[in-house]
Number of protein chains: 2
Amino acid sequence: MALQSFVEVKPDSHFPIQNLPYGVFKLGPGLPARPGVAIGEYVLDLSEISKAGLFDGPILKNSDCFLQPNLNKFLAMGRPAWKEARATLQKLLSATEATLRDNENIRQKSLVPMGKVEMLLPMEIGDYTDFFSSMHHAKNCGTIFRGPQNPIPANWFHLPIAYHGRASSVLISGTDIVRPRGQGSPSGNSPPSFGPSQKLDFELEMAAVIGPGNELGKPIDVNEAADHIFGVVLMNDWSARDIQAWEYVPLGPFLGKSFGTTISPWIVTFDALQPFACDAPKQDPPPLPYLAEKISKNYDISLEVQIKPAGREDSCVVTRSNFKNLYWTLTQQLAHHTINGCNLRPGDLLGTGTISGPEPYSLGCLLELTWNGQKPLQLNGLTRKFLEDGDEVIFTGCCKGNSYNVGFGTCSGKIVPSPH
Amino acid sequence: MALQSFVEVKPDSHFPIQNLPYGVFKLGPGLPARPGVAIGEYVLDLSEISKAGLFDGPILKNSDCFLQPNLNKFLAMGRPAWKEARATLQKLLSATEATLRDNENIRQKSLVPMGKVEMLLPMEIGDYTDFFSSMHHAKNCGTIFRGPQNPIPANWFHLPIAYHGRASSVLISGTDIVRPRGQGSPSGNSPPSFGPSQKLDFELEMAAVIGPGNELGKPIDVNEAADHIFGVVLMNDWSARDIQAWEYVPLGPFLGKSFGTTISPWIVTFDALQPFACDAPKQDPPPLPYLAEKISKNYDISLEVQIKPAGREDSCVVTRSNFKNLYWTLTQQLAHHTINGCNLRPGDLLGTGTISGPEPYSLGCLLELTWNGQKPLQLNGLTRKFLEDGDEVIFTGCCKGNSYNVGFGTCSGKIVPSPH
């Protein structure tokens, strides 16, 4: 029988004792930010556990890493600290361990109902990078933007393509997204169009949160890259397709993306994901030696996108995909990122790119789902080419085991109108 | 007669009392980082001036902004604080003012010879953006990478094109640059090449350092953009042309740039640059209204690049250019960056892109100077297609007035070999 917690965890919960994802929360306006882990419908306040002296392992005993307003210090400590924290917390929360279960004072202080907390960005993000690692997405976008001849660029099968994203506008789930204004392609001899984006889109992604990282000039070996990945979040890389299409040649996406990128509040640790590892796709042509892994893993994470139009009670599922649709692994992405000597820092965010699968229902953005607006989606009687003001987009992700789930909760945002 | 300081300033100095650029320094390993301004061959330690109570204006009197290890807090305070600091420091340093001149105790503590300090990055950089604002550079690069038909992309004359750069690898002048390794284009049916870059280049740029910035979703008007620019530095956007050429389609430059970007230590304030303002080039087609400025300014800043090969005593000038060769202004760059609602934060860095002029000697990188290696440069008996290990690249920049200069000092870096 699977490990159980003394905290009630419903069978379909994303947050059993096998998960214990990390986040940062506050109890109200003006109150301090504190690290926590999710357990059932509660947040365990790690600052209280730390102050009570319950992190008693050799690495964490005298550390103030959980008395910080973000997780960066803990991220920098690396896998030995992460494993010790996980072991300590699984023991403290287990049904058979009395220390926390029977200490009403500490329990009251440290277990907070999720409904009472406001979740914050869990880390300070020095740099945010976005990859382009789904072959189906690359092929569909290439066909839409550049035509059906050779839609996938020649370099795509040799390296995990990526670009630098904007760190300042990475937002926590629940933050409204202001519809961006910008230039769109001119028609004929007219000047470029200008105004609120008419092709506002979501992109279904996940993102790795980086641990220790590397010094400038010292690449990370692909077979050691996993030690630098603390965990994974859901990510919505909101995209204005009309702005992007006009601006992106030759230096890549800029204002079509930088108005907002939303992440889920709970970082599911790499350790919690390991039971859901599966083989990565065979890569042909074989990658160059610096990208060749001894063991190449993907993860079986079911992903779903729902849209909830303004004024509607119900949301509508528009996509079902899976993390395992990615061609390049997280560890290959990380090794490639550093092969030139580029330094990663604790808290950096590495997005996977849009996770589209081969099936029509598994496409990870409206650009693909509606084929750039040519085939509108039906949403319970409404139609959508792209997002409209008031639409809320909700991602969920979950690893489904036999006796428990390891879930990511949700990552959501609502579109609000452009300023006048 | 121009304002004079009691500190000796040689006639060709970059740092007279009219300049007073800001930097951050330390006096040795393990000692604290402190803000300072350059005056002649000295650094004025602003933490000492602050502790002595000499910032006596209404904004700075009770502020601890100069007791910080970087300038971010001062940058966030905005132009009123910057003007007050400048007025206070010009008065304190002037030849006719006794307060500092005749107080040996404070003078000894606060005036440090430049030779005794180590300069540090002056601010924490949340995000670094790089523009592409020289028409000559855009035309030359487009011709080299994509051929002579329409070398400048259609969007170039309508918007200041930019991409997000890597903030973690922005370095202070004097830091060695490790030659990056990476993939290059395959020839024929071979796999891509891999190894140390064979086309390592410099890019002559300048960069704006951002002050207060804006909230997400609230663009900055182009006519108010100057209030968000604290000052300007020299910047070398080191580039590996072989890596860049293979990776950059379709998402832009990534590993070809992210191994290092060097900035000069002294931020010359926008206020000190104003006497050197000149008309910006006429823009045709006219920019869209959000980019149309009431007054459109460039700055007359002479720029020079020297290369000093390993073991040589002398360096060799390879480029003479000028900031006024830029087509898009700094204020247009800033307004464009925020038009979609993207938030800028204090300390953000906005590079101009390579500053090439129309003349053959004014090209801002080796890619252009040697036409992608086809026409090697002569350097006092040596030749260069691209940079070799041991080469030191030194930028200087200076505004030349009738009775004084406002200079930027130097921005330098030396190439060291790739790791094995």
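A polar contact here is a pair of N or O atoms within 3.5 Å; within protein, one atom must be able to donate a hydrogen and the other to accept it, and residues adjacent in sequence count only if both atoms are side-chain atoms. This is a predicted model, where local features need pLDDT of at least 70 and side-chain atom pairs count only at pLDDT 80 or more, while totals for chains, interfaces and linings use all residues. Residues are numbered from 1 along each chain as its sequence is written, chains are lettered from A and ligands numbered from 1 in the order in which they are written, and side-chain values use heavy atoms, with hydrogens and water left out.

View 1. Start with B:Arg86, which sits in helix 3 (residues 79–93) of chain B. Helices (H or I, at least four residues) and strands (E, at least two) are DSSP runs, numbered from the N terminus. Is B:Arg86 buried or exposed? It counts as buried, because its relative accessibility is 17%; buried means under 20% relative accessible area, exposed over 50%, and partly exposed in between (1.4 Å probe, protein chains only). Look for a polar atom of the B:Arg86 side chain 2.8 Å from the backbone oxygen of B:Gln18. Contact means heavy atoms within 4.5 Å. Leaving out residues up to four places away in sequence, B:Arg86 touches B:Gln18, B:Asn19, B:Leu20 and B:Tyr22, and also B:Thr269, B:Asp271 and B:Ala272. As for B:Asp64, 22 residues separate it from B:Arg86 in sequence, and the two C-alphas are 16 Å apart.

**View 2. B:Pro275 in its loop.** B:Pro275 belongs to the loop that links helix 8 (270–273) to strand 18 (277–279) of chain B. With a relative accessible area of 53%, B:Pro275 is exposed. Now go back to B:Gln18: it is 257 residues from B:Pro275 in sequence, but the C-alpha to C-alpha distance is 10.0 Å.

**View 3. The five-stranded sheet of chain B.** Strands of a sheet pair through backbone hydrogen bonds, either parallel or antiparallel. In chain B, five strands make an open sheet in the order 4-3-2-1-5, and the pairing is antiparallel. Two strands pair if DSSP finds at least two bridges between them. Strand 4 (111–113) and strand 5 (118–120) of chain B are at the edges with a single partner strand each, so one side of each has no neighbour in the sheet. On average, neighbouring strands of this sheet are turned by 50 degrees against each other, direction ignored. Helix 3 of chain B packs on the sheet, where it touches strand 1 (22–26), strand 2 and strand 3 of chain B, and its direction makes about 70 degrees with that of strand 1. For such angles, axes are lines fitted to C-alpha atoms, for helices over the stretch in contact, and angles run from 0 to 180 degrees between N-to-C directions.

**View 4. The hairpin in chain A.** Strand 2 (residues 34–39) and strand 3 (residues 42–45) of chain A run antiparallel and are joined by four bridges. Together they form a hairpin with two residues between them, and A:Gly40 in the turn has a positive phi of about 55 degrees. Which residue is the bridge partner of A:Gly36 in strand 3 of chain A? That partner is A:Asp45, while A:Val37 stands opposite A:Leu44. Strand 3 of chain A is also joined by three bridges to strand 4 (residues 111–113) of chain A, with A:Val43 opposite A:Val112.

**View 5. Helix 3 of chain A.** This helix (residues 79–93) has 15 residues and spans 21 Å from its first C-alpha to its last, close to the 21 Å expected; the expected span is 1.5 Å times one less than the number of residues. Eleven of its 15 residues are buried, among them A:Trp82, A:Arg86 and A:Leu89. Helix 3 of chain A lies across strand 1 (22–26), strand 2 and strand 3 of chain A, at about 70 degrees to strand 1.

**View 6. A:Arg241 in helix 7.** A:Arg241 is part of helix 7 (residues 241–247) of chain A. At 2% relative accessible area, A:Arg241 is buried. Its side chain makes polar contacts with the side chains of A:Asp201 (2.9 Å) and A:Gln244 (3.0 Å). Beyond four places in sequence, the contacts of A:Arg241 include A:Lys257, A:Cys365 and A:Phe386.
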